[in-house]
Amino acid sequence: MRLVPNPVLPGCHPDPSVCRVGEDYFMVTSTFAYHPGIPVHHSRDLVTWRLVGHVLTGASWLPLDGSQVADGVWAPTIRHHDGVFYVVFTVARDRQGAATYLTTASDPAGPWQVPVPLEADGIDPSLFFDHDGRAWFTAARDATAQGATGPGEIWLRELDLATLELTGPERVLWHGAVGGAWVEAPHIYERAGRYHLVGAEGGTERNHAVTSATADHVTGPYRTDPRSPLLTHRHLGAREPVQNVGHADLVETPDGEAWALVLGVRPVAQHHTLGREVLLVPVEWDEHGPVLAPGTGRVQGVRPGLPVTTDRPADWLSLRGPVAADVAADGVGDAVTLHPRPVPLTAREVPAFLARRQDMHAFELDAVVDTALIGAHDAGVVAFQDEATFLAARVRRGDDGCVVRVAGRLNGEPVTGPEVPVAGDVTLRVRSDGESYEFTCGSGSREHVLGAFPHTVLSTETAGGFTGVLLGFVNEAPAGAGPLTFRGVRYGVPEAASDGA
Ligand code: 6LW
């Protein structure tokens, strides 16, 4: 079995779902309150993934205003049937499922149809197309209200492909393996006439696990595969480089080799900042069902600390909807022009914010701003976890010229660093060695450290929520203040830290 370099998609890309059409694989992942929603990545080998489009590009229908970062679009599933691609997903509010949507496309790169709501409660919707042509919808929901003994349950209804509505009786399929909690992420597969329901349990933190159940009919009854958990890292200890492994979707190559995409995190000192990333795991089927990571029982190929890719083009994201922004190559890097909005990053609205996922532990992001253009702006370079936890090197005009300082929030508490006077072109920078975030400003060859923070303060373990850190730009200012361009944007491995490995 070849050793896969993991993660295959670094940075905050939780809840991977994958389908194959011929020799092409398509993956979708969760985007929460970020816009555009649900990136579609394409691969020919399940290892190298390239962004080809987004499912949710229009903003008007998507009810993300007022959402916290951890809400919004959760756990999409992608499937292909009869020439049509289907994506189903949850829109969450207050960290629970609030609405379920379905959309279709003939080309996974888009355009996708305006999503239609499905009458379905819970989270983590999935579709299964049986060989008799019938389509089945499953999802996970809290079962306590239904009087069930377990904390969660997987339910199923038929999907009418002509009307795109759920039809027929609803059936509860499974409450998870014994000892599980938060059974979720259901996907059904058929193999040699038997049906396999693969799910996730234990919550998406250290206890996360892949479990499964099998049945003779798609509608059940399902019996837990006693080998469950099929995959978990919860017993491997804190030194294991990847943790929180779970939420699997299985796919087969044209030659019948089976693989699973799962999510996992790469903590540093037990805190992860990169969000939940996508990992590839070999699968073998036997007469009882799928065996994940056969022979090893763990996700392999993770190289602690090393960047996975540094040349991945940015998937620029804004918050809760589109912003007026422009990204162009300027010879050094990108020139990111952001039109101002008077919205602070703490507000659950659309701030003038554009950022990319932090996808390596040690990185450097910098850009040049012409301070002569600073009027009523409060703008800068941001490391953003969510509306309660972010840090930025920000420039604004003071009484005696422009000043730069660290400003942000940590778990809702304001953080402000000392002010440094600047003039002319100023380079704003955030860098990390994996264990800290350092903010600097500089002109010419002089660099001034504005503040340094342990990486733990921006981690998901400290901030809570479901996302990782994004790195980018903010231009908070009244509308009349005018756009601001961050020139020569460079994002990559820090020069001093490049170890050549
Ligand atoms: C996702 C669910 C989960 O829908 O987190 O804890 C949600 N589990 O599977 C957001 O990624």
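Colleague: How many helices and strands does the chain have?
Modeller: In this predicted model, the chain fills a box of roughly 75 × 45 × 45 Å along the principal axes, judged by its C-alpha atoms. Of the contacts between residues at least 6 apart in sequence, 57% join residues at least 24 apart. As for secondary structure, the count for the chain is one helix and 37 strands.

Colleague: What is the radius of gyration of the chain, and what does the globule rule give for 501 residues?
Modeller: Of the 501 residues, 51% count as buried. The globule rule gives 23 Å for a chain of this length, and the computed value is close to that, so the chain is as compact as a globular protein of 501 residues, with a radius of gyration of 23 Å.

Colleague: Into which domains is the chain divided, and how far apart do their C-alpha centres lie?
Modeller: The division gives domain 1, covering 22-225, and domain 2, covering 318-492. Their contact takes 13 residues from domain 1 and twelve residues from domain 2. Between the C-alpha centres of domain 1 and domain 2, the separation is 35 Å.

Colleague: Which residues does Phe473 contact, leaving aside neighbours within four places in sequence?
Modeller: Once neighbours within four places in sequence are left aside, its contacts are Val336, Leu338, Leu354, Ala355, Ala367, Val381, Val382 and Phe486.

Colleague: What is the bridge partner of Arg79 in β7?
Modeller: The strands concerned are β6 and β7, the latter spanning residues 84-93, and they pair in the antiparallel sense over eight bridges. Within β7, the partner of Arg79 is Tyr86.

Colleague: Why is strand β27 described as largely enclosed by the rest of the structure?
Modeller: β27 (residues 362-370) pairs in the antiparallel sense with β33 (residues 425-433) over nine bridges, and Leu365 has Val430 as its bridge partner there. β27 also pairs in the antiparallel sense with β37 (residues 484-492), over four bridges, where Val368 stands opposite Arg487. The description itself follows from burial, because the buried residues of β27 number eight of the nine.

Colleague: Is Ala215 buried, partly exposed or exposed?
Modeller: Ala215 lies in strand β16 (residues 209-215), and beyond four places in sequence it touches Tyr195, Gly220, Pro221 and Tyr222. Because a residue needs 20 or more C-beta neighbours within 10 Å to be buried and 12 or fewer to be exposed, the 17 neighbours of Ala215 make it partly exposed.

Note on methods:
Residues are numbered from 1 along each chain as its sequence is written. This is a predicted model: local features need pLDDT of at least 70, side-chain atom pairs count only at pLDDT 80 or more; totals for chains, interfaces and linings use all residues. Two strands pair if DSSP finds at least two bridges between them. Helices (H or I, at least four residues) and strands (E, at least two) are DSSP runs, numbered from the N terminus. Two residues are in contact if their C-beta atoms, placed from the backbone, lie within 7 Å. The radius of gyration is taken over C-alpha atoms; the globule rule is 2.2 Å times the number of residues to the power 0.38. Domain bounds come from an automatic or database domain assignment.
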